[in-house]
Amino acid sequence: MPKNSLQGHSTDTGWRIIRQINTELGSGGNFCARYEVQSPCGEKIGFMKAMDLAGGGSLREIQEKINTYIFEQDILELCKGKKMTRVVTPIEVGQIRCNNFPAEYNTVYYAIFDMAQGDLRSTHLNCEKQNKDWEAIFRGLHHAAIGIQQLHNEEIAHQDIKPSNILAFNPKSFKVSDLGRVVDKKGVSPFREYLFPGDQGYKPIEMFYGITMFEFTDRLSCDMYMIGSLIYHMIEEVQIGYATLQEADELHSRVRTLSFNEALPFLVTAFNRKMESFKKVCTNLFGEKAADAIYTTVKEMCHPNPKQRGNRKYNNEYAIFSMEKYISKLSQTIALIKLEKK
């Protein structure tokens with residue numbers, strides 16, 4: 001396909017396409033090819049995502065691919081215009097022709113981004129717990145929460161928050177990436193009718209029971225759950241949903257076959273047990289004050305009952321699912337971890 005044949009080419013603006021990068025495809029499948037690129041003067045290395053229409057199948061499938069691409073580019077342009085400091089936005093977008101393919105399919109559409117140094121998964125999740133740089137990890141989590149709040153402020157829900165989508169550009173700067181699955185309040189997103197458009201392994205626990213929630217505030221709740229689960233995952237190395245389900249299996253052997261309302265009491269008990277264990281782990285790692293901040297954040301963000309999730313001192317749903325309280329908690333945690341290190 002043209003998108004996989006760009007090595008050695010250059011864009012009209014002078015970016016040179018150096019090599020194709022093999023990365024985990026994740027929820028986006030083989031929609032885009034990925035490349036390392038070099039700026040016109042050679043002083044900067046960037047990251048390119050490239051998409052073509054070859055092999056698109058039926059006219060309907062080609063149109064769906066086009067709609068998805070255009071929507072993502074529009075969202076990226078919005079984020080760039082709004083100066084979202086904790087969201088990855090492109091340096092340049094454009095198209096390039098690959099003339100050894102038929103004319104109707106030889107156009108490749110691309111976006112060039114700053115090249116990240118790594119992500120939360122590859123840099124921090126996959127190393128031994130005793131060797132982890134917890135200050136850097138919590139800075140990444142803090143910046144991720146800010147990025148999600150920046151999206152929410154523009155009525156955009158990310159829906160695919162996971163360790164590999166939190167990119168590190170240096171030890172003190174992280175950004176939320178991959179806006180290919182977002183859902184907007186206006187209902188323009190190609191994924192607006194998907195129950196959960198992101199990586200299925202990271203969905204909130206109620207969705208394992210087929211609970212359907214399509215209101216935009218439900219999308220905000222989903223994002224909040226994923227941020228909380230991300231915090232838990234970085235420490236316990238498993239998502240909170242899976243940990244809760246495994247604990248619930250000990251309480252009821254058929255808990256996964258029940259309806260959500262029938263399973264909920266077991267899920268809440270299991271969740272509370274996991275959270276108590278989690279608090280002890282955090283206390284051993286970070287001290288009591290930091291552990292309390294982390295525990296409170298994850299417990300409120302990831303409660304199995306969506307009606308108990310978030311900052312329940314408010315009545316307004318948008319305020320309930322605001323990240324502001326948890327951004328502050330994560331900032332507090334970083335400060336406490338710094339103190340603990342001295």
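Ala, Val, Leu, Ile, Met, Phe, Trp, Tyr, Cys and Pro count here as nonpolar, Asp, Glu, Lys and Arg as charged, and the others, Gly among them, as polar. The model is predicted, so local features need pLDDT of at least 70 and side-chain atom pairs count only at pLDDT 80 or more, while totals for chains, interfaces and linings use all residues. Residues are numbered from 1 along each chain as its sequence is written, and side-chain values use heavy atoms, with hydrogens and water left out. This briefing covers helix packing and cavities.

**Terms for the helices**

- Helices (H or I, at least four residues) and strands (E, at least two) are DSSP runs, numbered from the N terminus.
- Two packed helices are described by the angle between their axes and the distance between the axes.
- Axes are lines fitted to C-alpha atoms, for helices over the stretch in contact, and angles run from 0 to 180 degrees between N-to-C directions.
- Angles under 35 degrees count as roughly parallel, over 145 as roughly antiparallel, 65 to 115 as roughly perpendicular, and the rest as oblique.
- Contact means heavy atoms within 4.5 Å.

**α3 with α4**

- Helix α3 (residues 134-153) packs on helix α4 (residues 216-236) at an angle of about 175°, with the axes 11 Å apart.
- The two helices are therefore roughly antiparallel.
- From α3, the contact residues are Trp134, Ile137, Phe138, Leu141, Ala144, Ala145, Ile148 and His152.
- They meet Leu220, Asp223, Ile227, Leu230, Ile231, Met234 and Ile235 in α4.
- This contact of α3 with α4 has 13 nonpolar residues, one polar and one charged.

**α4 with α6**

- α4 also packs against helix α6 (residues 260-286), at about 60° and with axes 11 Å apart.
- α4 and α6 are therefore oblique to each other.
- Their crossing is left-handed, meaning that the near helix is turned anticlockwise from the far one by less than a right angle (clockwise would be right-handed).
- Tyr232, Ile235 and Glu236 of α4 touch Lys274, Phe278, Val281, Cys282, Leu285 and Phe286 of α6.
- Seven of these contact residues are nonpolar, none is polar and two are charged.

**α7 with α9**

- The axes of helix α7 (residues 288-301) and helix α9 (residues 324-341) come within 9 Å and cross at roughly 155°.
- That makes α7 roughly antiparallel to α9.
- The crossing of α7 and α9 is left-handed.
- α7 brings Lys289, Ala290, Ala293, Ile294, Thr296, Thr297, Glu300 and Met301 to the contact, and α9 brings Lys325, Tyr326, Lys329, Gln332, Thr333 and Leu336.
- By class, the contact of α7 with α9 has six nonpolar, four polar and four charged residues.

**Cavities**

- A cavity is a set of points, on a 1 Å grid over the protein atoms alone, where a 1.4 Å probe fits but cannot get out; lining residues have an atom within 4 Å of a point.
- Grid points are joined across faces, edges and corners, and a volume is the space filled by probe spheres set on the points.
- The structure holds two cavities of 30 Å³ or more.
- α1 (59-81) and β5 (107-114) each supply at least two of the residues lining the largest cavity, and α1 gives the most, with four.
- Five residues of that lining are nonpolar, one is polar and two are charged.
- The second largest cavity holds about 30 Å³.
- Gly201, Tyr202, Lys203, Phe208, Tyr225, Ser229, Gln239, Gly241 and Tyr242 line the second largest cavity.
- α4 and α5 (240-251) are the elements that give two or more residues to this second lining.
- The lining of the second largest cavity has four nonpolar, four polar and one charged residues.

Definitions and conventions:
On a 1 Å grid over the protein atoms alone, a cavity is a set of points where a 1.4 Å probe fits but cannot get out, and a pocket is an open set with protein on both sides within 12 Å along at least five of seven lines; lining residues have an atom within 4 Å of a point.
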